[in-house]
Amino acid sequence: MPELPEVEVVRRGLVPGTTGRRIAAVQVLHPRPVRRHLPGPDHFAAELVGRTFAEPRRRGKYLWLPFTDGDALLAHLGMSGQFRLDAADAPLLPNTRVLVTFAEGDPQLRFVDQRMFGGLSISPGGAELPAEVAHIARDPFDPEFDLAEVVTRLRRKRTGIKRALLDQQLVSGIGNIYADEALWLARTHYARATASLSRRTAAAVVTAAGTVMRAALEHGGTSFDALYVNVNGASGYFDRSLAVYGQEGRPCLRCGTAVRREPFMNRSAFRCPRCQRRPAGPAYAG
Ligand SMILES: [Zn+2]
């Protein structure tokens, strides 16, 4: 699944190709990505024609393209969903599912999705905040993100710190990769009980999550071509800046100790055994 920085790269990439542009035609090449639109693909296409996109928005890992009329097109990237902005006469990539042609001409907006867990849906009245996204907490990039309030709520939870970071109703946008990176940066073990954290340590961990995601965004943001907005292709250059995630056996960048991988919530947690020591008190191993 793409994480916040990858989705933000997609959002930024979409801005110049969609904002203020009016939809002239929509072709649904496969019905599955628009399955959430119950009246069907033809109705979906007809509903979009004539509308104008406002600037794409995001909360956590959720991305939507608001319309100037107050509704929105919600994009679920799933495992393999991606957008492309291509000339209308450019060859279609395999697995191209939806084509959006604009009254202003090129580029054409294309939704490509191999596995089709993702898709596009219309969110009535969703321009500001789609109902599908309303239960998701603000992410660390949000200008209205309230660190003090998040720290208070985090310390009230009876869980481990990594599990809390992954809770999208506490703070959104942090997935497995950046949770591990943030915990490494803040020298905190993933199983530490949230209730045992001082306000200062809890704030340091949450702040670190914003820091590592901002760094990843800078990496990704500099290397991508605005005409090729690719979620999965982004992973190649995002990987380079990772300190612990996927780095099992490699030396910790701070102390040189080999990074360890441990099972966590049916997945993995990566940590430096020296910088992120196992807590002496209660622990939540996932
Ligand atoms: Zn270390």
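Me: What is the relative accessible area of Asp139?
Reply: This is a predicted model, in which local features need pLDDT of at least 70, side-chain atom pairs count only at pLDDT 80 or more, and totals for chains, interfaces and linings use all residues. Residues are numbered from 1 along each chain as its sequence is written, and side-chain values use heavy atoms, with hydrogens and water left out. Buried means under 20% relative accessible area, exposed over 50%, and partly exposed in between (1.4 Å probe, protein chains only). Asp139 is buried, and its value is 2%.

Me: Which residue forms a salt bridge with Asp139?
Reply: A salt bridge needs a side-chain nitrogen of Lys or Arg within 4 Å of a carboxyl oxygen of Asp or Glu. For Asp139, the closest N and O atoms are 3.0 Å apart. The partner is Arg58.

Me: How many residues apart in sequence are the parts that Asp139 and Arg58 tie together?
Reply: Helices (H or I, at least four residues) and strands (E, at least two) are DSSP runs, numbered from the N terminus. Asp139 lies in the loop between strand E8 (119-123) and helix H3 (147-156). Arg58 lies in strand E2, so the separation is 81 residues.

Me: Which residue meets Arg271 in a salt bridge?
Reply: Arg271 is buried, at 3% relative accessible area. The bridge spans 3.0 Å, N to O.

Me: Which residue forms one aromatic cluster with Phe53 and Phe102?
Reply: Phe53 is buried, at 1%, and Phe102 is buried, at 3%. The cluster also takes in Phe67.

Me: What is the nearest side chain of opposite charge to Glu3?
Reply: Lys and Arg count as positive and Asp and Glu as negative; His and the chain ends are not counted. Glu3 is buried yet has no salt bridge. Its side chain does reach the backbone nitrogen of Gly175 at 3.0 Å and that of Ile177 at 2.9 Å. The nearest opposite charge, 5.6 Å away, is Lys61.

Definitions and conventions
Polar contact = N/O pair within 3.5 Å; in protein donor to acceptor, adjacent residues only side chain to side chain. Phe/Tyr/Trp six-rings, centres within 6.5 Å; stacked < 30°, edge-to-face > 60°.
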